[in-house]
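Reader: I like to see labels set against their cut-offs. Could we go through this one together?
Author: Gladly; here it is.
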Amino acid sequence: MDNSKLYDEDVLFLELKDLASEEFRAWYIKCFYNIGRQKTLELASQAMTDGKDKKKLFSFLLKKEMAHVKA
């Protein structure tokens, strides 16, 4: 992984700080890297729109998407 990619994912994490917990930063960065910026932003938008607990929905959507990426 090159430094520019890592930097992009860190910036994305900061942009989504209302949805992503600092405690699990490494996991979020891994998800963002694997599914890409555009899909991450789509999931974040969905969580913000549909979620009563936006953080939990965002994490759920990321886990679900990661399962598809690994398959």
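Author: Let us start with Glu 9, which lies in helix 1. A helix here is a DSSP run of H or I with at least four residues, a strand is a run of E with at least two, and both are numbered from the N terminus. This is a predicted model, in which local features need pLDDT of at least 70 and side-chain atom pairs count only at pLDDT 80 or more, while totals for chains, interfaces and linings use all residues. Residues are numbered from 1 along each chain as its sequence is written, and side-chain values use heavy atoms, with hydrogens and water left out.

Reader: Why is Glu 9 called buried?
Author: Buried means under 20% relative accessible area, exposed means over 50%, and partly exposed is in between, with a 1.4 Å probe and protein chains only. Glu 9 has a relative accessible area of 3%, so Glu 9 counts as buried.

Reader: Which residues is Glu 9 in contact with, leaving aside its neighbours within four places in sequence?
Author: Ile 29, Phe 32 and Tyr 33. Contact means heavy atoms within 4.5 Å.

Reader: What makes Arg 37 partly exposed?
Author: Its relative accessibility is 38%, so Arg 37 falls in the partly exposed class. Arg 37 is found in helix 3. Neighbours within four places in sequence aside, Arg 37 is in contact with Asp 8, Leu 12, Glu 15 and Phe 32.

Reader: How do you know that the span of helix 3 agrees with its number of residues?
Author: The expected span is 1.5 Å times one less than the number of residues. For the 14 residues of helix 3 that should give 20 Å, and the end C-alpha atoms are 20 Å apart, so the two agree.

Reader: Which residues of helix 3 are buried, and why are they said to be on the same side?
Author: Thr 40, Leu 43, Ala 44 and Ala 47 are the buried residues of helix 3. They cover an arc of only 100° around the axis, which puts them on the same side of helix 3. The arc is that of the directions from the helix axis to the C-beta atoms. An α-helix has 3.6 residues a turn, so residues three or four places apart point the same way. On the other side of helix 3, Gln 38, Thr 49 and Asp 50 are exposed.

Reader: What about helix 4: which residues are buried there, and what makes them one-sided?
Author: Phe 58, Ser 59, Leu 61, Leu 62 and Met 66 are the buried residues of helix 4. Their arc around the axis is only 165°, which puts them on the same side of helix 4. They pack against helix 2 (25–35) and helix 3 (37–50). Lys 56, Lys 63 and His 68 are exposed on the face turned away from that buried side.

Reader: Why is the chain called as compact as a globular protein of its length?
Author: The chain comes to four helices and zero strands. Its radius of gyration is 11 Å, close to the 11 Å that the globule rule gives for 71 residues, so the chain is as compact as a globular protein of that length. The radius is taken over C-alpha atoms, and the rule is 2.2 Å times the number of residues to the power 0.38.

Reader: Where is confidence lowest, and where is it highest?
Author: It is lowest in helix 1 (residues 3–15), at a mean pLDDT of 82, and highest in helix 3, at 97. pLDDT is the predictor's confidence in each residue, from 0 to 100. The chain averages 91, and 90% of the residues score at least 70.
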